Amino acid sequence: MAVRLDELDRKILVELQRDGGQSLDDIAKAVGSSKTPVWNRIRKMREGGVIRQQTFLLDAEALGFEACFFVLIRTSEHDAEWQARFLKALNDRPEVQEAHRLAGDIDYILKVVVANARAYDTFYQALISEVKVHNVTALLSMEEIKSTTMLPLQTTSV
């Protein structure tokens, strides 16, 4: 179901991305509308799949997760059975924050958040014991410069 969004919908989505925990009254005030129309629009965007879920962002370092690794994976396996095992291995591990299949020399890139290098090694050993990979390169992020979940709704037409 295609959902057509107007300027008010985009403003509502910007507010929800900025702080999903704010009240309907606060959202309505910020977008220049009243509570009931804002709620109806949010409901329609949920039903239409524009809004997938409401969640809270946690501070990884405050919770003891001080290491972020970007893991580059090359594999010589591409059959459906291997892909199913690989997908299961990734989904079973909460350390994997993101996983992308790539075009080019690298097949997959993972964002893995762990407490420290030893925890990464535990993750790595478990992963390679479950699925065969040709090459794994882990890159330690020294500093997070920018991280956002916000889509650029104000500058694009949806």
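Me: Which residues form the negative surface patch?
Reply: Asp59, Glu61, Glu66 and Glu144 form it. Patches take residues with over 30% relative accessible area and no salt bridge, joining like charges within 9 Å; Asp and Glu count as negative. This is a predicted model, where local features need pLDDT of at least 70 and side-chain atom pairs pLDDT 80 or more, while totals for chains, interfaces and linings use all residues. Residues are numbered from 1 along each chain, and side-chain values use heavy atoms, without hydrogens or water.

Me: Is Glu144 buried or exposed?
Reply: Buried means under 20% relative accessible area, exposed over 50%, and partly exposed in between, with a 1.4 Å probe and protein chains only. Glu144 has 58% relative accessibility, so it counts as exposed.

Me: How many salt bridges does the structure hold?
Reply: Side chains of opposite charge can pair when their charged atoms come close. A salt bridge is a side-chain nitrogen of Lys or Arg within 4 Å of a carboxyl oxygen of Asp or Glu. The structure holds 8 of them.

Me: What does the salt bridge between Asp6 and Arg41 tie together?
Reply: The closest N and O atoms of Asp6 and Arg41 are 2.8 Å apart. Asp6 lies in the segment before H1 and Arg41 in helix H3 (residues 35-47), so the pair ties together parts that are 35 residues apart in sequence. Helices are DSSP runs (H or I) of at least four residues, numbered from the N terminus. Asp6, Asp9 and Arg41 are linked in a salt-bridge network.

Me: Where do Arg43 and Glu47 lie?
Reply: Both are in helix H3, 4 residues apart, about one turn.

Definitions and conventions. Patch = residues over 30% accessible without salt bridge, like charges linked within 9 Å, V, L, I, M, F, W, Y side chains within 5 Å. Areas by Shrake-Rupley, 256 points an atom, 1.4 Å probe, with all protein chains shown as cover. Charge placed at Lys NZ, Arg CZ, Asp CG, Glu CD. Helix = DSSP H or I, 4+ residues; strand = E, 2+ residues; numbered from the N terminus.
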